[in-house]
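Biologist: I would like to learn how to read the features of a protein model, one at a time. Could you take me through the general idea of each feature and then show me the case here?

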Amino acid sequence: MPVTNANKTTRPPTIDMKLEVVVIPVSDVDRAKEFYANLGWRLDADFAGPDDYRVIQFTPPGSPSSVIFGKNVTAAAPGSAQGLYLVVSDIEAARNDLRDRGVEVSEVFHAGGDVHTGPDEPYLFGRRRIGGAEPAHRSYRSYVSFHDPDGNGWLFQEVTTRLPGRVEAADTTFTSSTELASALRRASAAHGEHEKRNGGQYDANWPDWYADYIAREQAGQPLPV
């Protein structure tokens, strides 16, 4: 049944709404442009206009959404954009890539319990950061943080298995060969356990098993055994 309040009735959406752009406030446009270009992000636009107007757009690798910054594009204070999340399939590889590019980046960390008044910079799981990846390597639980020259705050979040309902069940997509390779390695490890449970016999249908595993993993569905 629809959920109602005094004035509204909640209805299923009928129009696709794709988040395309996030505006980030910077003080030095050229410095910001150099920083984001150094990350390896794609430069989509650099337009200037009257009244000291300028807009620059970058897109992170594999992302359907972009960021925009410039002059006279936002009234927000430079550096005030915080909690900008970039989802990656391999947190260590993502961190190492930033370090290789000369970017100052945190160690990998995970939550220190349900603590939201701790001493650390806040993020999704609270204000206490424990060094290292989440011990059980659960999806959504390992992070790395970094900032642009103005202090706008970014985080890598490692996601290997989507929670149910987070992607269309029929969609299985990868944004890079590295991401696909990681999925294949996880499928390979799981398939090895599958063969052990079946007497250690070679599974000639392993391609079908791999495909089923990867598609289910992305859709957040129960994995094959």
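Biologist: Which residues is R95 in contact with, once its neighbours within four places in sequence are left aside?

Modeller: The general idea is that contact means heavy atoms within 4.5 Å. Here, leaving aside the neighbours within four places in sequence, R95 is in contact with V105, S106, E107, V108, V144 and F156. Before we go on, please keep in mind that this is a predicted model, in which local features need pLDDT of at least 70 and side-chain atom pairs count only at pLDDT 80 or more, while totals for chains, interfaces and linings use all residues. Residues are numbered from 1 along each chain as its sequence is written, and side-chain values use heavy atoms, with hydrogens and water left out.

Biologist: Where is R95 placed, and does R95 count as buried or exposed?

Modeller: Helices (H or I, at least four residues) and strands (E, at least two) are DSSP runs, numbered from the N terminus, and R95 has its place in helix α2, residues 91–100. For accessibility, buried means under 20% relative accessible area, exposed means over 50%, and partly exposed lies in between, with a 1.4 Å probe and protein chains only. R95 has 7% relative accessibility and therefore counts as buried.

Biologist: How many helices and strands does the protein chain have, and what pattern do they follow along the sequence?

Modeller: The secondary structure of the protein chain comes to four helices and nine strands, and, read along the sequence, the pattern is β-α-β-β-β-β-α-β-β-β-β-α-α. Buried residues make up 35% of the 225 residues in the chain, and the C-alpha trace spans about 70 × 55 × 40 Å along its principal axes. Of the contacts with a separation of 6 or more, 52% are between residues 24 or more positions apart.

Biologist: How should I read a sheet, and in what order do the four strands of the open sheet come?

Modeller: Two strands pair if DSSP finds at least two bridges between them. In this model four strands form an open sheet in the order β1-β4-β3-β2, with mixed pairing. The edge strands, each of which pairs on one side only, are β1 (21–23) and β2 (42–49), and the twist averages 20° from one strand to the next.

Biologist: In which sense do β2 and β3 pair?

Modeller: They pair in the antiparallel sense, over seven bridges, and within this pairing R42 has T59 in β3 as its bridge partner. The hairpin of β2 and β3 has three residues between the strands, and D51 takes a positive phi near 60° there. Strand β3 (residues 53–59) also pairs with strand β4 (residues 66–71) in the antiparallel sense, this time over five bridges, and Q57 stands opposite I68 in β4.

Biologist: Which strands does helix α1 lie across?

Modeller: For angles, axes are lines fitted to C-alpha atoms, for helices over the stretch in contact, and the angles run from 0 to 180 degrees between N-to-C directions. Helix α1 (residues 29–38) lies across β2, β3 and β4, and runs at about 10° to β3.

Biologist: At what angle do helices α3 and α4 pack?

Modeller: Helix α3 (residues 177–197) and helix α4 (residues 206–219) pack at an angle of about 120°, with their axes 9 Å apart. That makes α3 oblique to α4, since angles under 35 degrees count as roughly parallel, over 145 as roughly antiparallel, 65 to 115 as roughly perpendicular and the rest as oblique.

Biologist: Where is D150 placed, and what is D150 in contact with?

Modeller: D150 is in the loop between β8 (143–147) and β9 (153–158), and is buried, with a relative accessible area of 18%. Leaving aside neighbours within four places in sequence, its contacts are P25, V26, S27, D28, R31, P78 and G79. D150 and P25 are 125 residues apart along the chain, and their C-alpha atoms are separated by 8.2 Å.
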